[in-house]
Amino acid sequence: MSAPLLSVRDLSKHYTSRGTRLNILQGISFDIGKGEVVGLVGESGSGKTTIGRSVLRLVEPSSGSVRFDGTELTTLSASALRRQRPRMQYIFQDPFASLSPRMTIGEILTEGLKIQGIGCVGDRLDRALSALAQVDLPAEAINRYAHEFSGGQRQRIGIARALTLSPEFIVADEPVSALDVSIQAQVINLLRDLQQRLGLTMLFISHDLAVVEYICDRVIVLYLGRTMEIAPSADLYARPQHPYTRALLSAIPSPDPDARRDRQILKGDIPSPANPPSGCVFRTRCPSALEACAGAVPQLREVAPGHFKACIRDDLD
Amino acid sequence: ALVASGVATEAQAATLSGGFDVGPGGFQGNFNPLAATAGFTWLSIYYEPLVTYDETLQKVVGALASSYEVSPDQMTYTFKLADAKWHDGKPFTAKDAKFTIGLAMNVKSGSVLAARLKGISSVEAPDDHTVVIKLSAPSSSLLDTMTKVMMLPEHALSSIPADQLAKNTWWSTAPIGTGPFKFTKYVSDQYVELAANTDYRGGKPALERVINRYFANPAAAIAALRSGEIQFTYVDSNDVPTFKDNKDFKVIEGDSFVVNYLGFNHDSPLWKDVRVRKAVMHAINRDAIIQSLYGGAAKPANCAYVAEQLIPPDIDTYAYDPEKAKQLLTDAGWDQINGAKPITLLTYYTTPLATNVLAAVQAMLAQVGINIVPRAVDAPTYNSIVLNATPDIAQFQMVYAGLQNGPDAGSINVGLNEKQIPPAGPNVARVRMPDLTKALDSALAEPDSAKRNTAYQDVCKVMNTNLPWATLWVANRYGIVSTKVKDFVWTPAPGGGPYQADPQKWSIAE
Amino acid sequence: MLARSPQRRSPGPLARAFDRFLLNRAAVAGVGIALPMLLLILSYPLWWAFQPNDIDLLAMNSGPTAKHWFGTDGVGRDVFARVLEGGRISLLVAVASTTLSAIIGFLFGAISALAGRWADAVSMRFVDLVMTLPPVIFLLVLASIAGTGIWPTVLVISLLSWPLLARMIRSRLLELRERDFVMAARGMGAGIGHLLFRHGLPNSIDILVVYATLQIANAILLEAGLSFLGLGIAPPAASWGNMLNAARSTAVLEQYPWQWLFPGTALILAVLAINFIGDGLRDAFDPRAELN
Amino acid sequence: MEQTAEPVLDIRGLRTIFRVRGGEITAVNDIDLSIAAGETLALVGESGSGKSVTSLSVMRLLTRGIGAIAAGSIRLTTRGGAAQDLVGLDEESMRRIRGDDIGMVFQEPMSSLNPVFTIGDQIAEPLRVHRGADRKKAMDAAVALLESVGIPDARRRAGQYPHELSGGMRQRATIAMALACDPALLIADEPTTALDVTIQAQILDLLLKLQRERGMAMLFVTHNLGVVAEIAHRVAVMYAGRIVEEGPVGEVFRNPKHPYTMGLLASMPRLGDAARMKQAGEKLAAIPGMVPSLMNMPSGCAFSPRCTFAIDACRAVVPGLEQVNPQHRSRCIRWQEI
Amino acid sequence: MLRYSLRRLIMGMGMLVALSMLIFLLLRLTPGDPIDAYIDPNLPMSPSDLADLRRSLGLDQPLPVQYLGWLQQAVTGNLGYSIKRLDQPVLGLVLSRIGPTVLLMGTALVFAIVVGIACGVIGAVRRNSLADLSLSVAALAGISSPAFLSALLGLYLFSVRLHWMPSGGMLTPGEAFSVGDLLHHLILPAALLSVAQAALIMRYMRASLLEVLNQDYVRTARAKGVREFWVITKHALRNALLPIVTLIGSTVGLAIGGAIFIESVFNWPGMGLLLVDAVQTRDYPVIMGATLVIGTCVIVVNLLTDITYAVVDPRIKVG
Ligand SMILES: Nc1ncnc2c1ncn2[C@@H]1O[C@H](COP(=O)(O)OP(=O)(O)OP(=O)(O)O)[C@@H](O)[C@H]1O
Ligand SMILES: Nc1ncnc2c1ncn2[C@@H]1O[C@H](COP(=O)(O)OP(=O)(O)OP(=O)(O)O)[C@@H](O)[C@H]1O
Ligand SMILES: [Mg+2]
Ligand SMILES: [Mg+2]
């Protein structure tokens, strides 16, 4: 592979809330190649959104480096960052919260062009219309308000907005989680089409492993702000290496009435980021935890080509 | 618990409650006579000065001094003291008087009388019953000032350093005087209570108690008066009609000894021409205002005085004549001087009556082409503007104000004498009229009281011709007393007196 | 939830709020009171025979007659004209002070929400400080500094009223800042100006409108209170407050009730009507109303 | 599955309407459902299809003055064996049934717990209301219930407030609360939707176990077909206020007889499928279009505008529920051709 | 909790110092000083004599010096002496007013809370009924009528006309203290003062309860078979009261404002009366003292409301 489009190294983020320090992300490193779709999965609160936003500097990372096409983003000045903005866009989870209720679709779609000072009013409108067409919405939508659209349609508008600036890289933060199954499939298909047609690079965030498998080339599994496993999709689903990944996969209810029902159920809850367990953060719920897991934080190791895991045990299976 | 007020008053038949410190003559919350600029109506119920005015404020008579003498050169005053006792039973002596005058002359004690007593060169007490005051120059106003020097007990106060005296709580907790009533208690900002001084040399008081209640404004006092909680209070003149025909109340009317005027700021170019000033006089229908707004209870003033003996026979009465006013203005070239530009009229009068008066004056002056805009501010703001040594003329091209013109006719001097222009004195209109200054100076220096009236007539004459102010009127002031109260004496004196009120004689009917 | 068909054109958020407003009977009644009052106040010089400052010492304290509908006051001025003129001044003061305080409050709140932690900390401590002082006391002190008259009164009332709005705007914008569509704008490179005027302002419009109405009512009351204490509009200029001041005199209170009853009624009616409208607007703009 | 003669819950012809501005909407129409003791019926459907309204109708907890049951009957057979129609019941009798004979678990475990009372108090409340238990007894029972829903250190947890518990534990607490009076029927309205998969697995496991132990009937509302397969014996699929297909889970999933059910099943991404689909270049089989608005329903079959099988007859009248086999019904006139 | 309170108190102190500076500065911006206020313009004194008085009171020194002098004394608890009444130390003067003001405001507050909450609950439970409508209109009317007007009318009606109530003051002068007498003086001003607050509390209570009644946990309570009465009084009310606690805290400032009018019309010897008088006479030390004490009260009340809030709402953990 050539030089990755996005390269994240040792990204950390912490918040201080009421005097206690919350380590939300620690030592996250990964690359995304041009045209690649990387999935980011993990349970609620594991820090997926925080990664997605830190990468675009929508939240300020506490430490670490994010290189985008060779440019270090974390130290970029405000104006330089603004110039980079059109190249990378964000798609939000909640189709209701992500569109301003006080703007027409036209205003929403031309907002980015206006901010960036691209084109005249007519050009902007043309680009908005073509973005609408790309997401299969009728042109007359341009004069309506967001509340007039259903969830799926709004999500398409959100995608169209991200497309207006012709980005190379998109962070899609659970773009289908809020949608009904039948609509979800429409949007997934749309996203995949667009990705392929436009050669987009994408960080696709989801908590649904089934969806991720469908759209991603590689998957990063996150738990409590730490990377557990990184692997190409096919490899991950076929041969999950980390106990957490396995548990996650097994927890997904299958609509197949004939499927095996002997699921492995994790005990207990996710610990709080205020006092995470020592060593491997997953050990408190891990069915295979050893005493040694409480010791050092396990490092990511390559266990198969392109397949990394952060677990000290190799004797599972 | 609805105690009918009638019952309440009967239960305390021997108590007289009143709003003695309501209105312009009062000074609520002040217990220190040395610091008193007003409030003497109340203070003189338990303190006494050496001399005081009579009830009509015409002449100064003895109080704690049974008699007094003024030397022919007007430089030596000798007071013979009466046999009096302090409320604690100790005798009142000349040493007390000397001590008190000493305090009053000492700025450090916080005395507001110090400046007026500057002319005193010595105070002596040759014996227990005699006090002699010597002046460095004759002054016709010494006696007037002496009426405000309330005698204080040396034995109670001599141990307190003068500069700590004002801050001492003695005044509001355990003061002793020689008056017909003794201080009993003060309930913070509610009332002061006095009890009869049975040993009073003028006879045992008829009342057992006198209570002075505090009111935030005259309206509250009137409410209390009408609900029967108090028997006496000062009222603004426009409240008088409410009581006029009420048989439960008696209206007491008196001269305010304050002349109201429109003071031209003589530093302002607007009023240089006497024709303009005359036009103002002619433009204002004083009679109409007096009739309608004052209900007739004021006398038009054509100089600082309205007392007959001070008015020369042939003065101009400046009858209401808007046409003449307009003519005068045209002659003076008013259009060039100012025209219709608004002129700020500053005043510290904020009562409803004054508000109406100014509205009327504004309308009347507007008719002849003088566009005044009244600006009412509170007294401190007013003082800070007009007493400023270098004032902003735009802020007060004109004032609507009042100045004490009696009982001592010389009181007017400070407002008109060129030597009193701030910072030297309170000649706030910056009147610079040599004629007038001369007339005032000679009147003040006139040792012969018989000739003095003539001298003041000269002052009046000069004022009438030169119009340092547009003099308006002297209004009456009013007190309302319940008809249950007998032998009650009250006079709307400036600052509340003192005058001979004989509180020991006051009584209240069952 | 709302899966309204995009075929049917539906109105924008402001138009919908307006529709809801029209459904609120009290609010419409408020408009029904306020509008005619406003018309009277604005148009009276065209058709009413008396000027508010025309004195007529012969017709002092006369009760309501066919000539003087509301009677006359202590110098024979027509009370009807003065009530309407007072309304003009009260409204002028109220509208001007509300505008001023809305601008100050919005900018202050917006800056403290959007311009970083330091600006926020400093400005909010300042707001706390201003709010620690009970309003009327602050008013007393401010008024004695600023003096009397229309513009000082406007100034005093605005200086007093903005902190509340600043707080509301700040908390709205703090919340807004985290909203996805604002995040999206930031993701497209929006600067503070864009955020403030393209997102902050439109999304605070409900707060501003409600604040403005209720503050107008409030300002009318404050002006009246100030004038009552002799610190607001100075006579002979008419204002409802200083006309009511006359009722401090027992004589007026008892014998010439028309002199205070009419301005008093006008005051209460105006404030009540505006409050009704404000309430209606609040309900109309309630975000939860959008769900129905 | 053994069917007792008298089902615990038997809904016939239920129609629920809401008065909204601009008229009335029928949120739920012509619902027939019955659940036997020991049986779990899953109600699935997209958002707005009327699942919650159905369960709230059973509880008679529709917003007063806005929502009302317009037609139909809801017969409930209590543990004692007495049957009654909840539709006509007076409010007081209905109150006695709520929390006693019918327990309910809601979707949002945080917001459905009262923030100012302890978990223990809230679990004990139904016992105090319906059983007249004193404070101490009720609290002991509450602790026992917490233990039975798998909360460790139950005594301490009972003294804590909702915000001190994790999402999973809160949901366990609300389940304990619903089960306090050992109801004949448990209604669970999307009890796992707000939870993570790993926690969802825990809760489903728990519900399965509890239902088996207690032999109660369960109405389980969800929109996740996977969950249905995990937990339910029978499934009823709702679309735009109507049940479009109903039958045993295995049969319906293997052999759907309504185009909507088929579409739902097909549009669901399944684990392990992706690799194959990627290779074949296949897409997920999405259902085109979107759910119609209740204010603006198409004529005839509500699904017809999105249905690839639709013919003119579909748009003429609303199809009835047709019997595919004794346990399986479908509201499609062309079910035989599918 | 203790640490939190302590931190808040220290912050409060800082606030007070800032407040005193602000007031000090503001006061010096007011035209006229205590000496200007001391003299009656009708009986004037010369500016040079006034300058002497000014000097004797230290009013001629530069501002920072005056402020530091004041602060230095204030820290030791000496707030100076009233300039208008030099024999009265400000601290004593102010402290003697706290009692009456607290009595008046406290009574009004209790009254407002009881009436406001009761009416608010009725309004919310019987939403859109006739009772709700009339209560809402009454509340708006209460908010819309200025305190001074209702005070004047109340005074005129109940005292001057009907003679039911005394026209002002706190106790009948010259009579021995009795609780009945106190109550007799207290009722009218307290009732008038409470009107606006009661109206405000009612409106907030109504809105808050309506909001709470829409919450999921209320539905849960109903689903448990809890009686409607208890659903409202136990489950809903307690939650609905939470924001009211804060509201009540913040209306204290409002009440102090209203108290100024009521106290000045009814001659109630409280802080309001003292303050108006002090402002009118530019009695700097008294204004400083009174605002400081009021500021302290507001800060303490805010702290108390926050603590109360934390106590009644288990979600809030302060520390
Ligand atoms: N501004 C903030 N202050 C404090 N904590 C925060 C803040 N923003 C996020 N967090 C915490 O960071 C953690 C990770 O949040 P994040 O939104 O990245 O998770 P996520 O994986 O996207 O979860 P979800 O699936 O719920 O979206 C959470 O525990 C959250 O509470
Ligand atoms: N209180 C209400 N007022 C008006 N309409 C309502 C009300 N409650 C529900 N509805 C309508 O009834 C329909 C069915 O709603 P319901 O809540 O039953 O859907 P659901 O299937 O539970 O969806 P979800 O999966 O989103 O919970 C919706 O279209 C909704 O608009
Ligand atoms: Mg997220
Ligand atoms: Mg639902």
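I start where chain D meets chain A: across that interface the rule finds 14 residue pairs in polar contact, both residues at pLDDT 80 or more. A polar contact here is a pair of N or O atoms within 3.5 Å; within protein, one must be able to donate a hydrogen and the other to accept it, and residues adjacent in sequence count only if both atoms are side-chain atoms.

Two sentences on conventions. This is a predicted model, in which local features need pLDDT of at least 70 and side-chain atom pairs count only at pLDDT 80 or more, while totals for chains, interfaces and linings use all residues. Residues are numbered from 1 along each chain as its sequence is written, chains are lettered from A and ligands numbered from 1 in the order in which they are written, and side-chain values use heavy atoms, with hydrogens and water left out.

Back to chain D and chain A. Which elements of chain D touch chain A? Helix 6, helix 7 (197-214), helix 8 (225-231), helix 9 (249-254), helix 10 (259-267) and helix 11 (274-280) of chain D each supply at least two residues of that side. Helix 7 of chain D has the largest share, seven residues. Helices (H or I, at least four residues) and strands (E, at least two) are DSSP runs, numbered from the N terminus.

In contact terms, meaning heavy atoms within 4.5 Å, 44 residues of chain D meet 41 residues of chain A. The two chains bury about 3,600 Å² between them, with 58% of it on carbon and sulfur atoms. On the chain D side, Thr198(D), Glu230(D) and Leu271(D) lose the most area to chain A, together 17% of what that side buries. Buried area is the accessible area (1.4 Å probe) that two parts lose on being put together, summed over both.

How many salt bridges does the rule find between chain D and chain A? It finds one, and the side chains that meet in a salt bridge are those of Lys283(D) and Asp193(A), at 2.9 Å from N to O. The rule asks for a side-chain nitrogen of Lys or Arg within 4 Å of a carboxyl oxygen of Asp or Glu. Over all chains the count comes to 59.

Another pair crosses between chains D and E. Glu125(D) forms a salt bridge with Lys224(E), and their closest N and O atoms are 2.9 Å apart. Glu125(D) sits in helix 3 (residues 119-130) of chain D, and Lys224(E) in the loop between helix 9 (216-223) and helix 10 (228-266) of chain E. Buried or exposed? Both Glu125(D) and Lys224(E) are buried, where buried means under 20% relative accessible area, exposed over 50% and partly exposed in between (1.4 Å probe, protein chains only).

Within chain D, Arg79(D) and Asp182(D) form a salt bridge with closest N and O atoms 3.3 Å apart. The pair is 103 residues apart and links the loop between strand 4 (67-77) and strand 5 (83-85) to the loop between helix 6 (167-179) and strand 7 (185-189) of chain D. Arg79(D) is partly exposed at 42% relative accessible area, and Asp182(D) is partly exposed at 36%.

In chain A, Lys34(A) and Glu168(A) form a salt bridge, 3.8 Å between the closest N and O atoms. They are 134 residues apart: Lys34(A) is in the loop between strand 2 (20-32) and strand 3 (37-41), Glu168(A) in the loop between helix 5 (151-164) and strand 7 (169-173) of chain A. Lys34(A) is exposed at 57%, whereas Glu168(A) is partly exposed at 26%.

Last, chain E. An automatic or database domain assignment divides chain E into domain 1 (1-90) and domain 2 (94-312). Their C-alpha centres lie 31 Å apart. In domain 1 of chain E, 29 residues are in contact with 24 residues of domain 2. The area buried between the two domains is about 2,300 Å², 72% of it from carbon and sulfur atoms. Arg8(E), Leu27(E) and Val90(E) supply 22% of the area that domain 1 buries against domain 2, more than any other three residues. Across this domain interface the rule finds zero salt bridges and one residue pair in polar contact, both residues at pLDDT 80 or more.

That is all from me.
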